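I wrote them in the order in which I looked things up.

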Amino acid sequence: MNVVILTDSDTGFVRVPLKSIGAYKVASALRSSNIDTIVISHFLKLADFYPKELFTLLSKVVKNDTIFLGISATFLKIKPLSKEHKVIISILNFVKKLAPNIKIVVGGSLLENVSTIAQISKANHIIKGYADSTIIKLYHDILNKKSLSYIIDDDPLAKDYDFSNCTPSYSSIDGIQKEEALLLEVSRGCRFKCKFCNFVLLGRNPKTDKYIRTRYSLAKELEYNYANFNTTDYLITCDTFNETTEKLETVYSAIKDVGIKINFSCYLRLELINVNREQISLLKEMGIKSATFGIESLNDKAAKTVGKGLGKDKLKSLLEDIYKTWGEDVRTQSNLIVGLPYDSVESINAWMSSIENNYLKIHNFTISPLGLFDGYDTEFNKHPEKYGYKLTETGWQNEYMDQQEAGRLAMYWAERLKKRNSYLGLEGVTGFRNYGWDYDKILSISMNDYENMSDIMKEQNKIFYKKYLNKMLFHNQGENK
Ligand code: SF4
């Protein structure tokens, strides 16, 4: 192979085996330029369950003239000297024996994870932002021994990449299993600019053609995935899937073009559903199974300051309206943040209690403290004092609390809301399809069941990874002989 890319979706305890998408988009772009590329997914889990087979696979795909080993770091939260750290080092040592001149390239959308992995792997280059076009130039520059900077950010928004007409992300050589649930990237960026948000392409025009795929491109991908893997289940990665009703209708037309029934999980913005009520039944008709909303706070002043302005009364009645149509066929989840402006410990305790007492018709809540991390490019990071924050060595501080206290309060409420949370969230609903379970079974799994499922999940994960490895070894059996 010319290029080998390692990716894993999470390093947590036992998680459902869902593939990530970034590495596959990059591989697809490289392959379109006739550069032989292979993605090895779940590499940390494989190292855990089947180390011998993982190293056999590496020995088959890394050749002494492989140009670079890419590591997609978005979801790799690795602690120094952890087990995962040691796995990465042993893979790199092994790969460098096979290909002494190989370069190490690290990329991904979460800068702190990219920096950690780049340090651990002693990377030659870091790619900032979307890599779809930069990666091809980088490949040729390394091949032609050009002198290159450590940080490559030629085109971090991939403006030169024809995203709207892009080809399918996953390929028949990617070891995808029959009926595997996959990720689907319909658009990039978000029309909003929430003050704490560190995503890229914020505030972009929702009607742009540039970062939203065409009906034809989407239909091609759905058709390819169905023909090659029988895939009908997706986690849609758009930051705000429902940015316009027109976009939803385009996706629905693409689904109808292919003529199959699709099920999906997605991220939605409630303000948009509120003014485009037709989206409630449209999403149901399209096949929604799980949705995540970002409500952040039920203190109206705090929510409005960060850019979420519906207000708790409207939120309550909107969620009741949504429930009338979706009922128990769709699992809903929302994120909450501790530490926003105007939110004191007392106000947070008050609105968290109302959530605990089912003020909002939502199945699950996840809670996190506000993070203003070094290197983040958020409005809060740019102008902390304007919003009442002082940046300190240990994080932030405002008139009510500091980051550590926010962390403790978030943990306290996360623990309390565990009893109130009822069913699985977005990743779980789509990810459990990869155990071959049907939606009746998945939607009946309570949070209580989930808490006690680690042994079953570990077993199911082992089966999934074994099948994946076997497919990958089968596809690459002729390599490097
Ligand atoms: S938090 Fe969500 S809605 Fe707000 S800017 Fe970020 S992606 Fe967009």
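I started at Val3, which stands opposite Phe68 in β3, and I took helices (H or I, at least four residues) and strands (E, at least two) as DSSP runs, numbered from the N terminus. For the strands around this pair I looked up the pairing, where two strands pair if DSSP finds at least two bridges between them, and I found β1 and β3 joined in the parallel sense over 5 bridges. I then followed the whole sheet, which is open and consists of 6 strands in the order β2-β1-β3-β4-β5-β6, with parallel pairing. Its edge strands are β2 and β6, each of which pairs on one side only.

Two remarks on the source belong here. This is a predicted model, in which local features need pLDDT of at least 70 and side-chain atom pairs count only at pLDDT 80 or more, while totals for chains, interfaces and linings use all residues. Residues are numbered from 1 along each chain as its sequence is written.

How many of the 11 residues of helix α1 (residues 22-32) are buried? I used the C-beta count, with C-beta atoms placed from the backbone: a residue is buried if 20 or more other C-beta atoms lie within 10 Å of its own, exposed if 12 or fewer, and partly exposed in between. The result is 9 of the 11, so α1 is largely enclosed by the rest of the structure. The buried residues of α1 are Gly22, Ala23, Tyr24, Lys25, Val26, Ala27, Ser28, Ala29 and Leu30. What covers them includes β1 (3-7), β2 (37-40), β3 (68-72), β4 (103-108) and α6 (134-143). After α1 comes Asn34, which has a positive phi, near 60°.

Most residues other than glycine have a negative phi, and most peptide bonds are trans. I therefore noted Ala158, which is not a glycine and yet has a positive phi of about 50°, as background for which I kept in mind that most residues other than glycine have a negative phi. Ala158 sits in the loop between β6 (151-152) and β7, and it is buried, with 23 other C-beta atoms within 10 Å. Leu201, also not a glycine, has a positive phi of about 60° and lies in the loop between β7 and α7. Leu201 counts as partly exposed because it has 19 C-beta neighbours inside 10 Å.

Strand β7 (residues 182-184) pairs with β8 in the parallel sense over 3 bridges, and Leu184 has Ile236 in β8 as its bridge partner. With helix α7 (residues 215-229) between them, β7 and β8 make a right-handed β-α-β unit, where right-handed means that, with the strands pointing away from the viewer, the path from the first strand over the helix to the second runs clockwise. β8 also pairs with strand β9 (residues 263-268) in the parallel sense over 3 bridges, and the bridge partner of Tyr234 in β9 is Phe264. From β8 the chain crosses through helix α8 (residues 245-258) to β9 in a β-α-β crossover that is right-handed.

The assignment, which is automatic or from a database, gives domain 1 (3-162 + 462-475) and domain 2 (180-435). Their C-alpha centres lie 28 Å apart. Counting a contact when C-beta atoms, placed from the backbone, lie within 7 Å, I have 13 residues of domain 1 in contact with 16 residues of domain 2.

Which residues are around the ligand? With a C-beta atom, placed from the backbone, within 6 Å as the criterion, I listed Cys190, Phe192, Lys193, Cys194, Cys197, Phe199, Leu202, Asp239, Thr240, Arg269 and Gly294. By class the shell has 6 nonpolar, 2 polar and 3 charged residues, where Ala, Val, Leu, Ile, Met, Phe, Trp, Tyr, Cys and Pro count as nonpolar, Asp, Glu, Lys and Arg as charged, and the others, Gly among them, as polar.

Lys284 is placed in helix α10 (residues 278-286) and is partly exposed, with 16 other C-beta atoms within 10 Å. Leaving aside neighbours within four places in sequence, Lys284 is in contact with Thr325 and Trp326.

Definitions and conventions:
Contact = placed C-beta atoms within 7 Å.
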